[in-house]
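Work through the exercises below with the structure open beside you. Try each task before you read its solution.

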Amino acid sequence: MQSFITFKSINNILTLLYITDDYSIISYDIAKNKQLNIIKTPQKDICNLQHCLDNKNKRDLILSQSCYNNIKIWDINNNKCILELKEMELKYVSVSKVCFMNYKDYIYIILSSTSFSDPTCKLFDLSGKLCKEIKFDPNITYITTYNDNELSKSYILISLPNMIKSYNYNEGKIYHSYLNILKSYIYNLIVVNKDRLWEPTRLFGNYGNYIIIWNFHTGEMLNNVSFNANINNICLWNNQFLIAITENFNENKDIISLLDVSTGKLKKNLIITGIVMFAIGFGLNGIATSANAPANVAVVNVSAVVNKSAQVQALKKEQAAKMNDLSKWLKVVKADVQKQQTKEGKEKLIKKYDADFAKKKEAISKEYQTKLQAIDKSISQTIATEAQKRGYTLVLSKSIVLFGGNDITTEIARVVK
């Protein structure tokens with residue numbers, strides 16, 4: 001599972017939005033347990049999804065961002081791309097630092113720079129026009145926003161190595177600081193509104209296998225909870241529960257956990273019936289065919305096959321290790337810059353490290369994409385070859401089959417690499 005978010009749509013539908021293995025974007029009605037829509041995007045390696053209600057135009061907007069810094073804004077109600085921010089504009093933007101902000105019915109896209117020398121957040125409107133720039137602390141690792149509808153205030157939240165800061169956009173100043181006891185980079189932040197008068201508005205953040213909870217309006221840390229596995233993603237479920245996606249390498253599977261928003265503690269592991277990540281190599285319709293007319297039909301649970309693939313698990317571990325090494329390198333870089341005695345020395349070193357960072361990040365992304373495509377081809381070929389050996393001329397993804405077909409998942413899983 002690469003990425004997903006939950007939200008209530010403009011039509012008040014509790015919606016799950018997720019990315020498939022072929023980088024399609026699927027919207028799913030959770031209550032009715034059915035697919036709503038699909039966006040077939042040309043973007044590759046999507047690693048960031050954001051949602052925003054456009055109340056003025058009565059539509060749901062989706063932001064999709066790839067590791068290659070290509071950003072598109074979609075009207076999910078009609079599958080149209082309404083804005084694309086070009087690579088030139090995104091030269092120094094990292095994948096974790098792009099988000100929406102809804103301020104007085106005006107919608108902005110906030111981009112923050114990875115440059116050590118220019119910690120500037122830029123606000124673009126939906127026409128692509130640059131509207132405002134805000135100076136923040138350098139070394140921002142994550143940025144998001146929160147609208148307090150009760151107080152009619154908007155906040156920007158930024159994650160720094162040792163703390164989180166909230167910025168009151170209405171007043172143009174820092175609102176609170178939140179101590180990060182982990183002293184590590186936090187890559188997810190969510191604000192949960194209070195449900196009862198006596199409950200505080202909570203800020204959740206996660207790093208590794210930890211979730212930390214703060215009182216948003218006082219900065220006080222309320223709790224911290226640890227898990228047995230690293231957390232890949234957190235999102236809010238109907239303002240009542242928090243969903244955490246943890247990756248268990250030993251069992252080769254992702255686990256969806258439902259958490260209590262008051263304590264952050266586990267309520268139960270959640271399985272959402274009917275939601276299956278569509279097949280690697282099976283494309284939009286989840287169908288692989290031979291050149292002959294279909295006479296004998298097989299079905300394959302491709303997600304199960306992919307989860308059993310040693311190649312996929314090895315690639316996930318390799319990518320996680322590289323991103324961890326990049327984080328460690330950034331800490332060394334910061335220390336090196338601070339050691340410089342002159343302004344000229346610092347600026348020269350910063351310029352060098354900015355260029356080095358861009359090259360390292362691009363190299364990691366390109367290598368990952370190349371290996372992913374090779375695995376895609378390998379698994380697809382294995383399925384086709386094994387199915388043909390057994391006399392099948394049509395293979396369907398099990399996720400789209402209501403009834404019928406011979407399930408050959410177990411046989412395929414045995415031979416896939």
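This model is predicted.

**Exercise 1.** Find the residue in strand 20 that stands opposite Ile212.

*Solution.* Start at Ile212 and look across to strand 20: the residue opposite is Asn224. Now repeat this for Tyr210, which faces Ser226 in strand 20. Next, take the two strands as a pair. Strand 19 covers residues 210-215 and is joined to strand 20 by 5 bridges. The two run antiparallel. Finish at the hairpin of strand 19 and strand 20, with 5 residues between the strands. There Gly219 takes a positive phi near 90°.

**Exercise 2.** Give the strand order of the open sheet of 4 strands, then explain which strands stand at its edges.

*Solution.* Recall the rule: strands of a sheet pair through backbone hydrogen bonds, in parallel or antiparallel fashion. Here the order is 17-18-19-20, and the pairing is antiparallel. Strand 17 (188-192) and strand 20 (221-226) each have a single partner strand, so one side of each lacks a neighbour in the sheet. Those two are the edges.

**Exercise 3.** Are helix 2 and helix 3 roughly parallel or roughly antiparallel?

*Solution.* Locate helix 2 at residues 310-339 and helix 3 at residues 343-389. Their axes come within 11 Å and cross at roughly 180°. Angles over 145 degrees count as roughly antiparallel. Therefore helix 2 and helix 3 are roughly antiparallel to each other. Now sort the residues of their contact: 17 are nonpolar, 4 polar and 8 charged.

Notes. Residues are numbered from 1 along each chain as its sequence is written. This is a predicted model: local features need pLDDT of at least 70, side-chain atom pairs count only at pLDDT 80 or more; totals for chains, interfaces and linings use all residues. Side-chain values use heavy atoms; hydrogens and water are left out. Two strands pair if DSSP finds at least two bridges between them. Axes are lines fitted to C-alpha atoms, for helices over the stretch in contact, and angles run from 0 to 180 degrees between N-to-C directions. Angles under 35 degrees count as roughly parallel, over 145 as roughly antiparallel, 65 to 115 as roughly perpendicular and the rest as oblique. Ala, Val, Leu, Ile, Met, Phe, Trp, Tyr, Cys and Pro count as nonpolar, Asp, Glu, Lys and Arg as charged, and the others, Gly among them, as polar.
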